[in-house]
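Trainee: Could you show me how to read the inside of a protein model, and then how to read a pair of packed helices?

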Amino acid sequence: MSALAEQILAAAKAQGKIITCAESCTGGMVAAALTDIAGSSAIFERGFVTYANVAKIEMLGVGPDTLDAFGAVSEEVAREMATGALSAARADIAVAISGIAGPGGSEFKPEGRVCYALATSDGTRTETVEHGAVGRPNVRAAARDHALSLILAALNSGN
């Protein structure tokens, strides 16, 4: 079990918050980390694994124009994923992840680049983290852990 997920569960329960996630390159690892803990149904009702662009559009309302202009691995798409998940899940906090786990990538979007967004009723913030070409399992695990840390930080700040 993840210590981060346990801290999220405790904080979200204490605050009466519902958490959701919109995942691409992690393929449900954030949802799995949260639901590995008994009692997680008090704070997690649903998450979204939107690996393909069509899923991002259909499930989360990501704009096709946004995908065309910026690509799936972008802060702009992560922002729309998070706000779409927040609305669709009627949650208090949504985290979104879209990245290049590898192998591969390009000079413009290298392996290990992951874009994140965190949405609450106070707004949405985004960031990009270069986890490096450390291999697919390591990029995905790092992305999961970073997303969990974003959720915990939002809870600890009172969002």
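Trainee: Leaving aside neighbours within four places in sequence, which residues is Ile19 in contact with?

Mentor: This is a predicted model. With those neighbours left out, Ile19 is in contact with Ile8, Ala12, Leu34, Ile43, Phe44, Glu45, Arg46, Ala91, Ile93, Ile151 and Leu155.

Trainee: Which residues touch the most other members of the largest nonpolar core?

Mentor: Start with the general idea. In soluble globular proteins, nonpolar side chains tend to be buried together. Here the largest nonpolar core has 31 residues. Ile8, Ile19, Val30 and Ile151 touch the most other members.

Trainee: Now the helices. At what angle do α3 and α5 pack?

Mentor: Two packed helices are described by the angle between their axes and the distance between the axes. Helix α3 (residues 53-60) and helix α5 (residues 75-89) pack at about 40°, and their axes are 9 Å apart. That angle makes α3 oblique to α5. The crossing of α3 past α5 is left-handed.

Trainee: Which residues make the contact?

Mentor: From α3, Lys56, Met59 and Leu60. From α5, Val77, Glu80, Met81, Gly84, Ala85 and Ala88. Sort the contact residues by type: six are nonpolar, one is polar and two are charged.

Methods
Residues numbered from 1 in each chain as written. Predicted model: local features only at pLDDT ≥ 70, side-chain atom pairs only at ≥ 80, totals over all residues. Heavy atoms only, no water. Axes fitted to C-alpha atoms, helices over the stretch in contact; angles between N-to-C directions. Helix = DSSP H or I, 4+ residues; strand = E, 2+ residues; numbered from the N terminus. Parallel < 35°, antiparallel > 145°, perpendicular 65-115°, else oblique. Left-handed = near helix turned anticlockwise from the far one by under 90°. Contact = heavy atoms within 4.5 Å. Nonpolar A, V, L, I, M, F, W, Y, C, P; charged D, E, K, R; others polar. Core = buried A, V, L, I, M, F, W, Y, C linked by side-chain atoms within 4.5 Å. Buried < 20%, exposed > 50% of the residue type's maximum accessible area, 1.4 Å probe, protein only.
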